Structures are given as structure tokens and as C-alpha cells.
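Open the model in your viewer and keep the selection panel at hand. This tour goes stop by stop.

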Amino acid sequence: MTDVGTNSLLAEHVGRIESSKVPWLPWGLVDGAEFRILKADEEHNICVLNFRMGPHTITQNHDHFSVAMAYTVSGEWQYGDKVFKQGDIAYEHPGEVHQPVTKDHSMELLTIFIGTPTDDRFLHNFEEDGSSYIIGMKYMKAFEGLTPEEAAKIDPMDLIVPTS
């Protein structure tokens, strides 16, 4: 087995993110939800983040412009009658509308958005009033590396793109 530390080619391409040092931030778009951006890679249009929701939390209905994978680190959550528990993975294709919900348990996810090279949009959220908006790389990049105090100065609504 090759030691990455001694292989200069791999060493140039392997990064380390100490997620325990990345602070949790309020999601700002859903009460009871928090996130932390682990990596927002603009060059490859990929975003890696943790997302967590407390018990009895409901997000907006949404779909994706990108492929999204969500590994359940802890807890339990669901889309309709599909229940996801620790170790389960939700694999979401573009255009599939769904709504994450927690019941009596909280949950934490490791989520990866894999966008296309020419489209920096990740999520399309639908509000109850009929309006909708897009969350893309701009949103994710704005929160990458921030402290909670710095993030509190940002209005998330300034980073979304209204669609209706």
C-alpha cells in the first residue's frame, strides 16, 4: 500500500478538513436546522456539508439541480413514508421533489452536492405561499469558514435567487 505522505502526486491532491473545528451555523431558512460547510469547491461545483435538524423540524419541499447524497451520521428522519436511520444514505436525482422531516428524533447528515460544470445551482426550495428560490454555490461559499458571529451578520435571503 502506498503511503500518501510519501507519494508526492497524491499529496498535492489530498486535502484534510478537520470537521470538528468547523462551527455549526444556523441554516437561516428553517427554524431548528443548522449546517456547516466543510468544502465549497467552485472549480468542480461540489459542496460537502453537514446538516442537522432538531426533533419536530420540517424543511421546505425542494428538489435539486445537482445530484445530492446524504449519509445519515446520526438520528432519524424521513421523506413521506421513507425513514432514514443512522448509516442510511439518501441518493437524490435532479428534479425529485421531497421534504425532509424529523419526528421525535434529531438528525445529522453528511451531504454532498455534485453539480455540473456549467450550473452552480444546488437546491430549488418551494415555500407554502407558492414562491420559490434557488440556493447555489454563492450561498454555500458565503458561509464557508465563518464563525457563528460572522454568519449572524449575513442575511441568507441576500444569497438566494427568487424564481417566483
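This is a predicted model: local features need pLDDT of at least 70, side-chain atom pairs count only at pLDDT 80 or more; totals for chains, interfaces and linings use all residues.

Residues are numbered from 1 along each chain as its sequence is written, and side-chain values use heavy atoms, without hydrogens and water.

**Stop 1: the cavity.** Select Phe 51, His 62, Pro 100, Phe 113 and Leu 123. Of the 23 residues lining the largest cavity, these lie nearest its centre. A cavity is a set of points on a 1 Å grid over the protein atoms alone where a 1.4 Å probe fits but cannot get out; lining residues have an atom within 4 Å of a point. The structure holds one cavity of 30 Å³ or more. The largest has about 280 Å³ of space. Volume here is the space filled by probe spheres set on the points, joined across faces, edges and corners.

Now colour β5 (67–79). This strand gives the most to the lining, five residues. Strands are DSSP runs of E, at least two residues; helices are runs of H or I, at least four, and both are numbered from the N terminus.

**Stop 2: the pocket.** Select the lining of the largest pocket, including Leu 29, Gln 60 and Glu 128. Its volume is about 160 Å³. A pocket is an open set with protein on both sides within 12 Å along at least five of seven lines.

**Stop 3: the loop.** Go to Asp 158, between α3 (148–151) and β11 (161–162). Asp 158 is exposed (57% relative accessible area); exposed means over 50%, with a 1.4 Å probe and protein chains only. Finish at Ile 134: its C-alpha atom is 11 Å from that of Asp 158.

How values were computed: Buried means under 20% relative accessible area, exposed over 50%, partly exposed in between (1.4 Å probe, protein chains only).
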